[in-house]
Amino acid sequence: MTPLLSRQDTIPARAGIGLRSRHVREFLETRPQVAWCEVHSENYFADGGPSLRALELVRADYPLSLHGVGLSLGSCDPLDMRHLRRLRSLIERSSPALVSDHLSWSSIAGRFANDLLPLPYTEEALIHLCRRIDETQGYLARQILIENPSTYLQYADSVMPEWEFISELARRTGCGILLDVNNVYISAVNHGDDPAAYLRNIDPQRIEEIHLAGFEDNAELLIDTHSRPVHAEVWELFRLALQRFGDRPTLIEWDINLPPLDVLLAEAGKAQAILERDNAVAA
């Protein structure tokens with residue numbers, strides 16, 4: 001199989017966008033000044049066709065990250081080798097700089113839930129997840145990043161906070177952390193925790209990418225919908241994250257009620273302005 005490009009760019013510590021199919025044609029016609037793009041891996045698992053050709057054109061001019069939702073790494077089911085083969089094939093074709101999935105599970109006994117379900121944060125779960133990430137990274141022959149989830153419940157059996165669990169997971173397996181700041185905020189509010197404490201305690205050396213998105217408030221819980229602009233509280237938490245971690249590649253996600261492309265790019269522009277202002281203050 002011939003890769004789309006032989007080089008593998010790094011993702012710059014600048015703002016990028018999650019590129020969805022509705023925006024691809026306009027994106028290719030206008031070639032906007034955005035630093036990088038991320039796509040959902042599973043949308044490009046075909047062996048050919050117009051979607052993969054469009055991804056090739058995007059990849060020719062922009063650094064690329066692949067973000068998956070289907071590995072179900074926390075499940076007790078065997079790893080889905082068909083899924084992994086397709087992901088490896090896409091990696092070989094598109095040479096992404098980053099590959100990521102979630103700290104979650106979504107299948108049991110071969111039946112899949114259309115959601116990213118949380119894990120109990122126990123030593124047993126940590127050993128289980130480490131083994132599966134080791135297998136995944138070995139099969140793909142590369143590091144993956146693991147994203148912290150948004151959660152709406154907590155297990156009584158958990159013995160450590162999420163930041164400790166994911167930091168230890170990264171230390172034992174060599175995987176990186178994709179820190180979703182929106183998810184940090186949502187989970188903290190839903191559980192009555194302090195989101196700033198999460199940022200103070202997670203291992204900063206393992207964070208290789210940041211996600212930002214919008215949520216909805218149903219009066220009982222904050223819901224991670226990716227359906228609106230980033231909220232002011234999340235922008236403020238993003239500033240705190242940059243102060244603690246330094247600049248990181250930062251992505252704007254928007255998956256439901258997709259706005260025009262220029263609105264998505266404007267959100268990325270806000271993130272970029274904060275990254276640059278942070279640099280100016282540091283200088």
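A quick word on the background. This is a predicted model, in which local features need pLDDT of at least 70 and side-chain atom pairs count only at pLDDT 80 or more, while totals for chains, interfaces and linings use all residues. Residues are numbered from 1 along each chain as its sequence is written, and side-chain values use heavy atoms, with hydrogens and water left out.

Back to Glu236. What does Glu236 form with Arg239? The two make a salt bridge, with their closest N and O atoms 3.4 Å apart. A salt bridge here is a side-chain nitrogen of Lys or Arg within 4 Å of a carboxyl oxygen of Asp or Glu. Both residues sit in helix 8 (residues 232–245), 3 residues apart, which is about one turn of the helix. Helices (H or I, at least four residues) and strands (E, at least two) are DSSP runs, numbered from the N terminus. Arg239 is also partly exposed, at 28%.

How many salt bridges are there by this rule? The count comes to 11. Among them is the one between the side chains of Arg20 and Asp255, at 2.5 Å from N to O. Arg20 is in the loop between strand 1 (15–18) and helix 1, and Asp255 is in the loop between strand 12 and helix 9, so this pair ties together parts that are 235 residues apart in sequence. Arg20 is buried, with a relative accessible area of 8%, whereas Asp255 is partly exposed at 28%.

Another salt bridge joins Asp203 and Arg206, with 3.7 Å between the closest N and O atoms. Asp203 is partly exposed at 23%, and Arg206 is partly exposed at 25%. There is a network too: salt bridges link Glu123, Glu168, Arg171 and Arg172.

Now please find helix 1 (residues 21–30), where the buried residues are His23, Val24, Phe27 and Leu28. Looking down the axis of helix 1, you see these buried residues fall within an arc of 135°, so they line one face of the helix. That arc is taken from the directions from the helix axis to the C-beta atoms. On the face turned away from the buried side, helix 1 carries the exposed residues Arg22, Arg25 and Glu29.

Most residues other than glycine have a negative phi. Arg31, which follows helix 1, has a positive phi, near 45°. Ala141 has a positive phi as well, near 60°; this residue lies in the loop between helix 4 (123–140) and strand 7 (145–147) and is exposed at 68%. Asn257 has a phi near 50°, and you will find Asn257 in the loop between strand 12 (250–252) and helix 9 (261–282). Is Asn257 buried or exposed? Asn257 counts as exposed, at 56% relative accessibility.

One last stop: Gln33 is in the loop between helix 1 and strand 2 (37–40) and is exposed, with a relative accessible area of 84%. Gln33 and Tyr62 are 29 residues apart in sequence, and their C-alpha atoms are 9.8 Å apart in space.

Conventions:
Buried means under 20% relative accessible area, exposed over 50%, partly exposed in between (1.4 Å probe, protein chains only).
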